[in-house]
Amino acid sequence: MNPRHIRFLARAGAFALIPAAALAMGERPGLEDYEAANLRIQPVAKVKLAPPAAAGPAVGSRSGEELYKAVCGACHTAGVAGAPKTGDRAAWAPLLRLGLEGLTQTAITGKGAMPPRGGSNATDEELVRAIIHMANQSGADFK
């Protein structure tokens, strides 16, 4: 026989014996071995996506008080960054001279540290409701 054929047959025989030798060394792993392995290699953490939480009242349907509590009050309750405090008649007196239209336009475009719409997604109608809520607590009589 050709020496190349002998080497080829020797290699083929060795590869044929590998699976038999592996089985001879022990039994196939049982189900509990697979479960134990899965426990050892499980991830450190898991991410579970939850449905979004209820967002509250729909945009466009919020009352002036709801919008004030959710957005405006953050600055107007404490007078943050020069915002006139709700209920401070002296601070609101010059602003009330602008009337409801003037205050609404200021709220829409923003002023000083206040971003347009107070940084909210409020509609024009909701802004008017919130302005009426704040202004009426500060000496106005808007309807």
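Helices here are DSSP runs of H or I with at least four residues, strands are E runs of at least two, and numbering starts at the N terminus. This is a predicted model, in which local features need pLDDT of at least 70 and side-chain atom pairs count only at pLDDT 80 or more, while totals for chains, interfaces and linings use all residues. Residues are numbered from 1 along each chain as its sequence is written, and side-chain values use heavy atoms, with hydrogens and water left out.

Of the protein's 143 residues, 20% count as buried. Buried means under 20% relative accessible area, exposed means over 50%, and partly exposed is in between (1.4 Å probe, protein chains only). Take the contacts (heavy atoms within 4.5 Å) between residues at least 6 apart in sequence: 58% of them join residues at least 24 apart.

Now look at helix 3, residues 64-76. With 13 residues, a straight helix would reach 18 Å at 1.5 Å a residue, but the end C-alpha atoms of helix 3 are only 14 Å apart. The expected span is 1.5 Å times one less than the number of residues. There is also a bend of about 55° at A70, taken as the angle between axes fitted to the seven residues ending there and the seven starting there. The buried residues of helix 3 are G64, L67, Y68, C72, G73 and H76, and their cover includes helix 4 (89-96) and helix 6 (124-137).

Helix 6 makes a handy counterpart. Its 14 residues should span 20 Å, and its end C-alpha atoms are 20 Å apart, which agrees. In helix 6, the buried residues are E126, L127, A130, I131, I132, H133, M134 and A135. Helix 3, helix 4 and helix 5 are among what covers them. Just after helix 6 comes G139, with a positive phi of about 110°.

How do helix 3 and helix 6 pack, at what angle and with their axes how far apart? The angle is about 70° and the axes are 9 Å apart; axes are lines fitted to C-alpha atoms, for helices over the stretch in contact, and angles run from 0 to 180 degrees between N-to-C directions. That makes helix 3 roughly perpendicular to helix 6, a label for angles of 65 to 115 degrees (under 35 is roughly parallel, over 145 roughly antiparallel, and the rest oblique). The crossing is right-handed, meaning that the near helix is turned clockwise from the far one by less than a right angle, with anticlockwise for left-handed. On the helix 3 side, G64, E65, L67, Y68, C72 and H76 meet E126, L127, R129, A130, H133 and M134 of helix 6.

On to the loops. Most residues other than glycine have a negative phi. A81, in the loop between helix 3 and helix 4, has a positive phi of about 55° although it is not a glycine. At 59% relative accessibility, A81 counts as exposed. R117, in the loop between helix 5 and helix 6, also isn't a glycine, yet its phi is positive, near 60°. R117 is partly exposed, because its relative accessibility is 25%.

G118 is found in the loop between helix 5 (99-109) and helix 6, and at 28% relative accessibility it counts as partly exposed. Leaving aside residues up to four places away in sequence, G118 touches V71 and A107. The C-alpha atoms of G118 and C75 are separated by 9.4 Å, though the two residues are 43 residues apart along the chain.
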